Amino acid sequence: MDLQTRLDILTSLAEELGLAIRREPLGGDGGGFCQIKGQRILFIDTMGDVETRYERTLEALAGLPEIEQRFVPPEIREDIIRQRVSK
């Protein structure tokens with residue numbers, strides 16, 4: 001499964017979890033998760049390459065406990081585990 005497909009799956013999952021998705025030009029190395037006035041927002045840096053966008057999105061979602069109750073394809077689940085272990 002290529003990175004763009006993985007990113008698309010993670011973005012869909014984020015929406016299912018109630019996160020607002022904002023695609024913004026952030027300089028190419030940005031993106032991530034924040035909470036503003038109770039609203040959870042995932043920023044995706046439109047200037048970043050697909051690898052950077054995937055890693056930032058993965059990092060944001062790996063920290064959400066409710067991701068454990070959702071189906072995630074095995075390849076992405078392995079990436080989530082890798083992300084958690086590397087912290």
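Residues are numbered from 1 along each chain as its sequence is written, and side-chain values use heavy atoms, with hydrogens and water left out. Because the model is predicted, local features need pLDDT of at least 70, side-chain atom pairs count only at pLDDT 80 or more, and totals for chains, interfaces and linings use all residues.

In soluble globular proteins, nonpolar side chains tend to be buried together. A nonpolar core is here a set of buried Ala, Val, Leu, Ile, Met, Phe, Trp, Tyr and Cys residues joined through side-chain atoms within 4.5 Å. Buried means under 20% relative accessible area, exposed over 50%, and partly exposed in between (1.4 Å probe, protein chains only). The largest nonpolar core holds 19 residues. Within this core, L19, L42, L61 and I80 touch the most other members. At least two core residues come from each of α1 (3-16), β3 (39-45), α2 (50-62) and α3 (74-85). Helix α2 gives the largest share, five residues. Helices (H or I, at least four residues) and strands (E, at least two) are DSSP runs, numbered from the N terminus. L61 is in contact (heavy atoms within 4.5 Å) with L10, A14, L19 and I67, leaving aside residues up to four places away in sequence.

The whole structure contains nine salt bridges. A salt bridge is a side-chain nitrogen of Lys or Arg within 4 Å of a carboxyl oxygen of Asp or Glu. One of them joins the side chains of D79 and R6, at 2.6 Å from N to O. D79 belongs to helix α3 and R6 to helix α1, so this pair ties together parts that are 73 residues apart in sequence. Both partners are buried: D79 has a relative accessible area of 11%, and R6 has 15%.

A salt bridge also forms between the side chains of E16 and R70, at 3.4 Å from N to O. E16 sits in helix α1 and R70 in the loop between α2 and α3, so the pair ties together parts that are 54 residues apart in sequence. R70 is partly exposed, at 31% relative accessibility.

E55 pairs with R82 in another salt bridge, with the closest N and O atoms 3.3 Å apart. This pair links distant parts of the chain, as E55 lies in helix α2 and R82 in helix α3, 27 residues apart. Relative accessible area is 23% for E55, which is partly exposed. R82 is partly exposed as well, at 38%. A network of salt bridges links R6, E55, D79 and R82.
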